[in-house]
Structure formats: C-alpha cells, structure tokens
Amino acid sequence: MSSLVIGTRGSALALWQARYIQARLKYECHIESSISIIKTQGDKILDVPLAKIGGKGLFTKELEEKLLGKEIDLAVHSLKDVPVDFVGNLALAAITEREDCRDSFLSMAYADFDSLPKGAKVGTTSLRRSMQIKKLRPDLDTLSLRGNVQTRLKRLKEGEFDAIILAQAGIKRLGLDTTDVKYITPLAFMIPAMGQGALGIEMCKDHIYFDKIASLTHEPTALCVSAERAFVQALNGGCQVPIGVHAQYNDKKLSLQAIVGLPDGSEYIQESVQECLAGEALDNINAAQSLAQSLAQSFINKGAKELLNRAQDMAFR
C-alpha cells in the first residue's frame, strides 16, 4: 500500500489534527498518507443543541461508515467525541499525548469567570459545561453555541454572548491568543469531558498497519483515557450528557475525579478517588478501568443513572 487515506471532519481544528497525525505517520512510522474531508451529522445540523440531535456518534458515525467500507484507512478524532462502544471491528489504534485538557473562558469584555455580571450570556455546546457553570453561578444564562471555533469566536465578537467556553486544547492547537480574543482564562473548577485534549486514531482491527500505527500511542494518556471511558461506559453515558471525568497519573498514582448532574446545576454528584498502580502497562490499564468502574458504581448507588435520565429529559424540553 503506497499511501493511506486519513478521514477527518473539515473544520480548521479537525484539519490541524489530521495534519498532525499525517506528519507523525510520515516521520515516525514512515507511512505516506492523504486527507479526505467528511461531513458528519454534527457538522450539518448547526441550529439545534447537540443534546437534542443525539449524542453517541454524532461526530463519528459517517467516518466510521467510511472505515467499514474501506473508503478510508484511518479516522482522526478529538477523543472526547468518540463513543465508548465501537461498531463492527473498529477500535482505537492509537491515543496521542494529551494537550491541556482544561476548558477555557473567552470574553471580549470580562477578564474572568468571576467578573461576569448577573444574567450574563455564556455560550457553550455542552451540557457538562452548562451544569458546572450553573452549579457555581445559577444567575448566568447558558445558551447553545454551535459551529466551528471560528464561527463561535465571530458570534462572541459580534456581541451575541458575554463569554463562551472552549477547550483549551483547541485554543492552543489553533494558536489563538489575546490578539484574537481579549481575555482567555483556563477554568480550574471545571472537570473536563472524557478524553478531552487527546486525539484518537480509529481503524479496522484487521488493517495491515493497525499494529504499526499503535506505536503513536502515549501510554500515560492511554491509561488515563481508559479510566475515563470506563467510567462513562459504566454509567451508559455518551459524549453529549452532563458527565465530567478526569484521570491523572503521577508517581505511579492514578487519581480520578468525576461529576454528574442536571444541566441547570441544581443537583449533582461529585467524587474523587486515588490508587497506586505498580504493575506492567496492561495490568495498569485493567486496574485503572477497575478503579473507574468502582467509582461509577458509587455514583450509581447515589442515583447517577436516574439523574442522567432527568438531565436528558431537561435537554429535550
């Protein structure tokens, strides 16, 4: 095979991600590739909140169909958009090193989150972000904000919103700074989405280059992401429900924090847990997933599944 085909969405951020993987394939795996742009359902429907048009596979389904049809060889995703369950014989061949996984506050008029006046309009696509914003500031008005990063910034600059929330990883990858938006401030209080900041390379497991491309995996990131995805899977959650979960691995210790709640922040469950992991890589992944499942069971015992069902009902009103 002389050249592989990389499937990607067409936004500036998605193309940055695809080109980043393309360069790594060339220089680390000695594999040439081309890029094919594919529109997903999430890209086509921009006038409806994400939660109302379906969560699982919203930004991956069309790419997965191309993979299964052998029209592309691999798909590059923001890992936070990848459902925890795969179709057919698809799987993640590689998970790249995580960029800054925090959410960030962007505004043209207010220096930080605490400076927002009562009733300020905050744009976000995410029930998870809305839930954590309203938990701290129920006085704020969180509004749906769809479109690519450039579209969201345009709407902020035109005054539709007092502030918007974006992933810091995307801000860094696109090179945005205070020449683009006056105030950009990472939010320490916000627990990110599973996999946020990492990229996932999805392929058919029987592809002849699957194992070779697996060499692009960053093992500490893969360990943390495996725990986060196991937590969401145990709750039967998806990419567009109000679940925040974040794992960190330092000095052989895995720490995991999570939050589940209603979009209006009126009810939530929040917990954290930590465990030492001293085994080999595969043993550590199994232990990390087990820890995440235990934490998820604690959430379930406290009514997390019922809370998520109510959250989805609220989102569809």
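## About the model

The model is predicted: local features need pLDDT of at least 70, side-chain atom pairs count only at pLDDT 80 or more, and totals for chains, interfaces and linings use all residues. Residues are numbered from 1 along each chain as its sequence is written, and side-chain values use heavy atoms, leaving out hydrogens and water.

## Domains

An automatic or database domain assignment gives domain 1 (1-97 + 198-217), domain 2 (103-186) and domain 3 (218-316). Between domain 1 and domain 2, the C-alpha centres are 27 Å apart.

## Helix α10

Which residues of α10 are buried? They are Ala 304, Leu 307, Leu 308, Ala 311 and Ala 315, where buried means under 20% relative accessible area, exposed over 50% and partly exposed in between, with a 1.4 Å probe and protein chains only. Down the axis of α10, these buried residues fall within an arc of 100 degrees, so they line one face of the helix; the arc is taken from the directions from the helix axis to the C-beta atoms.

## Aromatic pairs

The structure has three aromatic pairs. Rings of Phe, Tyr and Trp (its six-membered ring) pair if their centres lie within 6.5 Å; planes under 30 degrees apart count as stacked, over 60 as edge-to-face and the rest as tilted.

One of the pairs is Trp 16 with Tyr 20: their centres are 5.3 Å apart and their planes at 10 degrees, so the pair is stacked. Trp 16 is partly exposed, at 31% relative accessible area, and Tyr 20 is partly exposed at 29%. Phe 113 and Phe 189 have centres 5.0 Å apart and planes at 50 degrees, so this pair is tilted.

Conventions
Helix = DSSP H or I, 4+ residues; strand = E, 2+ residues; numbered from the N terminus.
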